[in-house]
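Reader: I am new to protein structures. Could you take me through how to read one, feature by feature?

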Amino acid sequence: MLRRSLENRDAQTRQLQDAVTNVEKHFGELCQIFAAYVRKTARLRDKADLLVNEINIYASTETPHLKQGLKNFADEFAKLQDYRQAEVERLEAKVVEPLKAYGTIVRMKRDDLKATLTARNREAKQLTQLERTRQRNPSDRHVISQAETELQRATMDATRTTRHLEETIDNFEKQKIRDIKVFRNSLYPPDYTSRLDIVRANSKSPLQRSLSAKCVSGTGQVSTSRLRKDQHTEDDDADDEDLDVTEDEN
């Protein structure tokens, strides 16, 4: 009876181990890919900023009519980079960093699993010892009673650690579901739709762009208020070389 109970709990532990391993694998992959996506988006934003500045430099050398058209285009293109910058910041803060935190969470769950396995192995060992004692010394009640007491202690410890593991894995699964929902919702800011509609409206209305350019001072240079926390170097391109090769082949 007790032996069958041990076998059932072992099967349960293997299922919990598989659940933790699954999260460790896939969340790790998601973290790496999201981080690579953020780096590439940031580099695309940087290239777009260079393009905006170059357009404005070129516009300053042209006739007034062409100059105004170029500057209007540069202004709208610069606004798109503000949205791209917001995307980079949100993904870093709301997706990449929380995914990184799962490395620590998974290690803690593995420690809980290890403690449970240790307690169950001790219980199984005490059960085996009791069975051998009964076979070898069936009339020695003192030795048998001692072995039964040790088994009882081991069983209580294994039960306690198993209950704790079940609770912590249950909380782990609930947290995982909550975080996945947060990841999905965090991809877009609350006013994403309205802001996107504004951009689309501006892009479809040349008259509005012209009026806006007359009312707003400035040359359409990239805003210096857009703080760049991530200054990317050539090393970042090497990090994503494999992904770039795949994209080129496709």
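Predicted model: local features only at pLDDT ≥ 70, side-chain atom pairs only at ≥ 80, totals over all residues.

Reader: With which residue does Glu148 form a salt bridge?

Author: A salt bridge is a side-chain nitrogen of Lys or Arg within 4 Å of a carboxyl oxygen of Asp or Glu. Glu148 makes one with Arg134, and the closest N and O atoms are 2.8 Å apart.

Reader: How many salt bridges does a search of the whole structure find?

Author: The search finds 10. One of them joins Asp157 to Arg122, with 2.9 Å between the closest N and O atoms. Here too distant parts of the chain are linked: Asp157 lies in helix H3 (residues 141-186), Arg122 in helix H2 (residues 64-136), 35 residues apart. Arg122 is partly exposed, with a relative accessible area of 38%. Another salt bridge pairs Arg45 with Asp46, again with closest N and O atoms 2.9 Å apart. Of that pair, Arg45 is buried at a relative accessible area of 0%, and Asp46 is partly exposed at 24%.

**Helices**

Reader: Which secondary structure elements does the protein chain have?

Author: Helices (H or I, at least four residues) and strands (E, at least two) are DSSP runs, numbered from the N terminus. By that rule the protein chain has seven helices and zero strands. The order of elements from the N terminus is α-α-α-α-α-α-α.

Reader: What span should H2 have, and what do its end atoms give?

Author: The expected span of a helix is 1.5 Å times one less than its number of residues. H2 has 73 residues and should span 108 Å; its end C-alpha atoms are 106 Å apart, which agrees.

Reader: Where is the kink in H2 centred?

Author: The bend at a residue is the angle between axes fitted to the seven residues ending there and the seven starting there. In H2 there is a kink of about 40°, centred on Glu92.

**The nonpolar cores**

Reader: What should I look for inside the structure?

Author: In soluble globular proteins, nonpolar side chains tend to be buried together. A nonpolar core is a set of buried Ala, Val, Leu, Ile, Met, Phe, Trp, Tyr and Cys residues joined through side-chain atoms within 4.5 Å. The largest one here has 21 residues, and Val20, Val23, Leu99, Tyr102 and Phe172 have the most contacts inside it. Helix H1 (2-59), H2 and H3 each contribute at least two residues to this core. H2 gives the largest share, nine residues. A second, separate core has six residues, among them Val52, Ile55, Ala59 and Ala78.

Reader: Which residues is Val23 in contact with, leaving aside its neighbours within four places in sequence?

Author: Contact means heavy atoms within 4.5 Å. On that count Val23 is in contact with Gly28, Tyr102, Val106, Phe172 and Lys176.

Reader: Is Lys109 buried or exposed?

Author: Lys109 is buried, with a relative accessible area of 11%. This residue is found in helix H2. Not counting residues up to four places away in sequence, Lys109 touches Val20, Thr168 and Phe172. Lys109 and Phe172 are 63 residues apart in sequence, and their C-alpha atoms are 8.3 Å apart in space.

Reader: What separates the C-alpha atoms of Asp179 and Val95?

Author: They are 9.0 Å apart, although the two residues lie 84 residues apart along the chain. Asp179 is in helix H3 and is buried at 18% relative accessible area. Ile180 is in helix H3 as well, but is partly exposed at 42%.

Terms used: Residues numbered from 1 in each chain as written. Heavy atoms only, no water. Buried < 20%, exposed > 50% of the residue type's maximum accessible area, 1.4 Å probe, protein only.
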